[in-house]
Structure formats: C-alpha cells, structure tokens
Amino acid sequence: MEPVSVAVSAVLPAGGSGERLGGATPKQFCGLQGRPLVSYAVRAMERVSWISDIIVVVSPENIETMKSIIEKYGHKRVTVVKGGVTRHRSIFNGLKVFAENQSSNRLLQKPEVVIIHDAVRPFVEEDILLKVVTAAKEHGAAGAIRPLVSTVIASGEDGCLDHSLERARYRASEMPQAFLFDIIYQAYQQCTDHDLDYGTECLHLALKYCKTNAKLVEGTADLWKVTYKRDLYAAESIIKDNLSQQICIITDLKEAVAQVGFLLHESLKSQVKVEAISISLSKNDSHLQNIFSGECYNFLCINDKEYATEEIQQLVDMLEKSNIPLLYPIVLILVHLSISENIFFSIELEELTKIKKFAREVKKKNILVYGLLIQCKDHFSLQETVNSAAALTMALIKDRNPELIGQLLVA
Ligand SMILES: Nc1ccn([C@@H]2O[C@H](COP(=O)(O)OP(=O)(O)OP(=O)(O)O)[C@@H](O)[C@H]2O)c(=O)n1
Ligand SMILES: O=C(CO)[C@H](O)[C@H](O)COP(=O)(O)O
C-alpha cells in the first residue's frame, strides 16, 4: 500500500444511545463474539500504521466503560473524549482536542487530514481509508458512498406521494469520510444550532460553510452502519465468517496420526484454507509461530494418546502468548484417534470429564475447546469417518458456540 505523506488522525463518534436498535446497552458497547462493537472500529483504525491519534467520543456516563475497553483489549493511540447530545456535537467535541486547550483532554498535534468514522461501522479496511484520505488531501473533503437500495420518495402533507428521485442519480452517504482538518473544523465553528442538532451529513457542512465539494468514493458493501438489531446479527455473522476462513491442522509424526491429518486436510481444503504441520509442540516450532502471527483462529490437534495434556497445554500457552485470543475467540478442536473396535467405550466418560474441565479453564482465555473422536473399526471406513469429522469441524468453526465447549463429538 502507498505510504501516506500527510499527518492523519481519526475521530470516531460513539456517543449515541442506539434508540433504533433498542435494549439497555448502547449498540457500540454490544458484544460481538464477546468483544464490544466499538472495539472493532478502534482496532480497524489502530492497525493502520499511518493513523496517529484515534479519538473516541462517548457520552459522559460511558467514559469509564470506554477506558476499560481500551485497557482490556490493549488499544493504543486512543484518546477518549466527552460527547454531545447529537452526533454532530460529538464529532465537534472530538475535533476540538486538536485545536483547543481543554481541561479534560490535553491538546493533541493537529493533523493535516482527519478521518471521521462512525464507531458502529466495524468493517472499515485500510484500502478505503487510504482512498478517502488521498481524495480529501486533493479536494478538501471526501466520503464513501454506496448505491441506493431503495428509491427515495417524498410525501406531501396529505401523506400521498409528492415526488420520487431518480435512483440512479443518487447515492447513500456512508463512512469513512476524510477532510482537511482546517476545512471541517472551520465548518463546525460556523454551524448553527440547527445544523448541530438536526444535521446528519458532515460532507454537507464542508460544502455549506467552506464551499468544498467533497470527492465521492465508491465503498464496499460492508461499510454499512449497525442501526437495527438485525445489523448486529449480520455483523456477528460476518465476523464468524471471517474467522472461519483458515484452519491449522497439527499432527505428530506417527504414521496413523499423520495419515488422518492428511485425509482431513484433503477433505477440508475445498471449504477452507488449510495449513498442515507435523511437529512436536515441545520444540516451539517456528512454523507454528508464523501461523500465530497470521490470521488463523482455528486449530485442529490430532493425537492418538488418550489425553495429550502436556501437548495441548503447550499449544494453549503458545496461543495465549501470541495475543490472538485477546481480540477473537480461538477454536481448538482436539481430535482423538481410535482405530480399533473396543477402546471408545472404555475411555468415553473419563475423556469427557477431562475435556470439559479443561475447556472450562481455557474458555477464560478466550479459547473454545471441543473434542472430536474419530473412531474407526478399520482402514476401509476411514475416509467416510474423516469426511464426517471434516463436516463437524466446519460446523464448529463456523458456529463458534461457547455453550458447546468441552463436548466430545463422534465422527
Ligand atoms: N449524540 C451522539 C449520537 C450519535 N453518536 C454516534 O454517531 C454514530 C452514528 O449514529 P447513529 O447510528 O444514529 O447512532 P445512535 O444515535 O446511537 O442511534 P439511534 O439514532 O438509533 O439512537 C454512532 O457511532 C453513534 O454512537 C455520537 O457520537 N453522539
Ligand atoms: O451515514 C452518514 C453520513 O454522514 C451518517 O453516519 C449518518 O447520516 C448518521 O445519521 P444518523 O446518526 O441519523 O444515523
């Protein structure tokens, strides 16, 4: 990605009450896979190295909540600012930390370009941020747009259709938006109370008060704003889908284990990217470390021991050190191999109890452990059983159901 040659900071308004979504918790603090929505937007900004300061604007009663989220998820470069009664007033407060000395916040270095992005739009990528920043540098203001889903119509006083707009000519204004700082700050300074209380469009303020015609940049579909309850469900599904794109299969070098690992790899690879490694975990394999630093949130550990406590504990320790489970729950499937007719029934109960206890313990570290038994009478039925194991694996990593941890599924 092109380096950014200007100083850029971001303001994330997160001071609303989420009336349209309903419920006691404002939507920006609702948990998605255990983590508040606002933390996803903060993370999206934080991983962009060229964004200096990230200002999160929250209502006065949520300042402590926001600070504890920053602490818990290790967010960096974030300043929390007190919001106002409307979105525009919150954004204005956020901008002020770059321009005015305030008793509650220290004055921060004024950026040349400022990004404004709703804290309830969690899937913003570096690519679109770069596009709006580059366009803002050239045009003074820029914002992401999307095609309209429905036609916009106006009703008359009698409640009947007055006129309708030609859909193809209009666009939905989304976020992120970016501005030369001086332009948007001057615009806010000139705003009337009516603008601040009823306005919904920052690009419009730049046009109205600074004669700046924003450049409009086509955005991706997942820039939409979480507004209604169904949007929370959609966001959670997108997160789960992103998390289930890759799996790492860990086997030891024993022949039977490696064979099942290979067959599982073959069976899974049409649905998901598979990394397969044969290792002794105690060697702290560097390949595994690379996988941790990549974007893998699912691990399948195949073993033919009754319960490979030490190996699994090592893997958990390594995962914990990697910091991945801080931001997303990890799925760890312990596959137990039994290629004989009798063993299953003799180990079942003991195995179940151990896995359950272990799963409960590591859930505190945001690691979801499931057991999967591949039981096979003979080598002829192995392929069929492996296919069933692959299907169960996919269901577990897609669903990431915390209630099912510690259960031993039988392929
Ligand atoms: N006084 C306000 C109102 C809104 N926002 C923020 O502006 C963004 C977009 O606004 P919207 O979706 O309207 O959020 P809410 O106002 O919370 O929702 P609702 O209108 O349903 O109450 C959200 O991140 C919201 O927290 C803000 O910072 N300060
Ligand atoms: O999409 C936007 C364009 O600036 C804003 O996020 C939107 O207008 C906010 O409005 P509301 O707070 O009423 O949802």
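**Close-up 1. The residues around ligand 2 in this predicted model.** Here's who sits around ligand 2: Arg87, Asp118, Ser173, Glu174, Met175, Thr200, Glu201, Cys202 and Lys225. Strand S10 (residues 171–180) gives the largest share of this shell, three residues. Sort the shell around ligand 2 by class and you get five charged residues, two polar and two nonpolar.

**Close-up 2. The shell around ligand 1.** Now for the other ligand, with 23 residues around it. Pro13, Gly15, Gly16, Arg20 and Ser90 are the ones that come nearest to ligand 1. By class, the shell around ligand 1 splits into 10 polar, eight nonpolar and five charged residues.

**Close-up 3. Helix H1 (residues 37–46), largely enclosed by the rest of the structure.** Eight of the 10 residues in H1 are buried, so the helix ends up largely enclosed. If you want to pick them out, the buried ones are Leu37, Val38, Ser39, Tyr40, Ala41, Val42, Ala44 and Met45. What do these buried residues of H1 pack against? The list takes in strands S1 (8–13), S2 (31–32), S3 (35–36), S4 (51–58) and S5 (78–82), along with helix H2 (63–72).

**Close-up 4. An open sheet of six strands with parallel pairing.** Follow the strands across and the order reads S13-S12-S14-S15-S16-S17. At the edges are strand S13 (273–278) and strand S17 (408–410), each of which pairs on one side only. From one strand to the next, the twist averages 20 degrees.

**Close-up 5. Strands S12 and S13, paired in the parallel sense.** Strand S12 (residues 246–251) and S13 are joined over six bridges. To get your bearings, find Ile249, which stands opposite Ala276 in S13.

**Close-up 6. Helices H9 and H14 against the strands.** Helix H9 (residues 255–268) lies across S12, S13, S14 (298–303), S15 (330–338) and S16 (367–375). Relative to S12, H9 runs at about 165 degrees. Helix H14 (residues 382–399) packs on the sheet too, where it touches S12, S14, S15, S16 and S17. The direction of H14 makes about 165 degrees with that of S16.

**Close-up 7. Where domain 1 and domain 2 touch.** The chain is divided into domain 1 (8–227) and domain 2 (244–410), and their C-alpha centres lie 42 Å apart. How many residues does each domain put into the contact? Six come from domain 1 and six from domain 2. On the domain 1 side, that's three polar residues, two charged and one nonpolar.

Definitions and conventions:
Residues are numbered from 1 along each chain as its sequence is written. Chains are lettered from A and ligands numbered from 1 in the order in which they are written. This is a predicted model: local features need pLDDT of at least 70, side-chain atom pairs count only at pLDDT 80 or more; totals for chains, interfaces and linings use all residues. A residue is near a molecule or strand if its C-beta atom, placed from the backbone, lies within 6 Å of it. Helices (H or I, at least four residues) and strands (E, at least two) are DSSP runs, numbered from the N terminus. Ala, Val, Leu, Ile, Met, Phe, Trp, Tyr, Cys and Pro count as nonpolar, Asp, Glu, Lys and Arg as charged, and the others, Gly among them, as polar. A residue is buried if 20 or more other C-beta atoms lie within 10 Å of its own, exposed if 12 or fewer, and partly exposed in between; C-beta atoms are placed from the backbone. Two residues are in contact if their C-beta atoms, placed from the backbone, lie within 7 Å. Two strands pair if DSSP finds at least two bridges between them. Axes are lines fitted to C-alpha atoms, for helices over the stretch in contact, and angles run from 0 to 180 degrees between N-to-C directions. Domain bounds come from an automatic or database domain assignment.
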